[in-house]
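This briefing is for a reader who has not seen the structure before. Please look at the sequence and the model first.

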Amino acid sequence: MSNETPISRRLVNVNHIILILSGKGGVGKSSVSTQLALSLYTQSSSPRVGILDVDLTGPSIPRMLGVDEGYSVHQSSDGWVPIFVDGATARLACMSVGFLLKRKEDSVVWRGPKKNAMIRQFLGDVRWGELDYLVVDTPPGTSDEHLSLMEHLAPLQNRLSSVIVTTPQAVALTDAMKGISFTRAVSLPVLGLVENLSGYVCPCCGEVSNVFSRGGGEELAKRENVRFLGRLPVDTELVDLLDGGSRSDELSGDFALVDRYRKTPSFNLFARIATQVVDLLRPGKPESSEAGADS
């Protein structure tokens, strides 16, 4: 094929590539990326899932998955071997610049060309193998990393899609609109929009407080004719889990992180979002859909 590249050859057995986008930082994009990967992993069809962290200056996926200490990437004759978060089961692969730092506290001070080269390596040199879904956690905004991704993944355009993450308040929605504008400029299909941090549920009495307002993401989705995938409140159990609470390893089993995730209030909420994503990616389904999905 004339448009075949080393990256398209490497990713030939990856069925779907989902970019997680946000117009600004602080909206919980990385936690949404992590939950999407875990929720896809728990699907009854037992899919193989990868999660690629290209938030190069703020890599948080390893910590959220509990693999930020004592894990390093190994080089094989066929490329870098990703970290398998679920151990010997090997159905959840992760790659991040965080695995390449001498100390996790070290800063990444790179200009655009260096970032582009790192993204090219993550896509073309990692032994991803067969994946049903590759979730890509991108940096906030629309910057060099996003343009590099779209350039390198151009031969795989028919497998690309995205999810927009925002919080309900006006300042976040303005930036989320820029993210939607970016997807249109580069012809990147949008599966839908997630309204994150939409209310806080008191763990003692169950009362919901709308700390960051509520409903703004849904209104934006309707206005821009983008499917609204759902809203997620602040979940203190999820915060503890993704902050490293899973390392206590209180539960036995091959993958304690998923065991604990299933017990959080967020699990059932996000399962509905993941089900929509899976359904939208089925053959014959439109990847960009009108607003009005489940909330």
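The points below cover the overall fold, the surface and the salt bridges. The model is predicted. The protein chain has 10 helices and 12 strands, and buried residues make up 53% of its 295 residues.

**Overall fold**
- A compact globule of 295 residues would have a radius of gyration near 19 Å, and the 18 Å of the protein chain agrees with this.
- Taken along the principal axes, the C-alpha atoms fill a box of roughly 55 × 45 × 40 Å.
- Of the contacts with a separation of 6 or more, 77% are between residues 24 or more positions apart.

**Surface and charge**
- The accessible surface comes to about 13,200 Å², and carbon and sulfur atoms hold 48% of that.
- There are 30 positive and 34 negative side chains, with the centres of the two sets 3 Å apart.

**Salt bridges**
- The count of salt bridges is 13.
- Asp137 and Lys29 form one of them, with their closest N and O atoms 3.1 Å apart. Asp137 lies in strand β7 and Lys29 in helix α2, so the pair ties together parts that are 108 residues apart in sequence. Both residues are buried.
- Lys29 and Asp137 also belong to a network of salt bridges with Asp55.
- Asp240 pairs with Arg260 at 3.2 Å between the closest N and O atoms; this links helix α8 to helix α9, 20 residues apart. Asp240 is partly exposed at 40% relative accessibility, whereas Arg260 is buried at 18%.
- Arg9 forms a salt bridge with Glu4, the closest N and O atoms lying 3.4 Å apart. Arg9 is partly exposed at 44%, and Glu4 is partly exposed at 39%.

Definitions and conventions. Residues numbered from 1 in each chain as written. Predicted model: local features only at pLDDT ≥ 70, side-chain atom pairs only at ≥ 80, totals over all residues. Heavy atoms only, no water. Helix = DSSP H or I, 4+ residues; strand = E, 2+ residues; numbered from the N terminus. Rg over C-alpha atoms; globule rule 2.2 N^0.38 Å. Buried < 20%, exposed > 50% of the residue type's maximum accessible area, 1.4 Å probe, protein only. Contact = heavy atoms within 4.5 Å. Areas by Shrake-Rupley, 256 points an atom, 1.4 Å probe, with all protein chains shown as cover. Lys, Arg positive; Asp, Glu negative; His and termini not counted. Charge placed at Lys NZ, Arg CZ, Asp CG, Glu CD. Salt bridge = Lys/Arg side-chain N within 4 Å of Asp/Glu carboxyl O.
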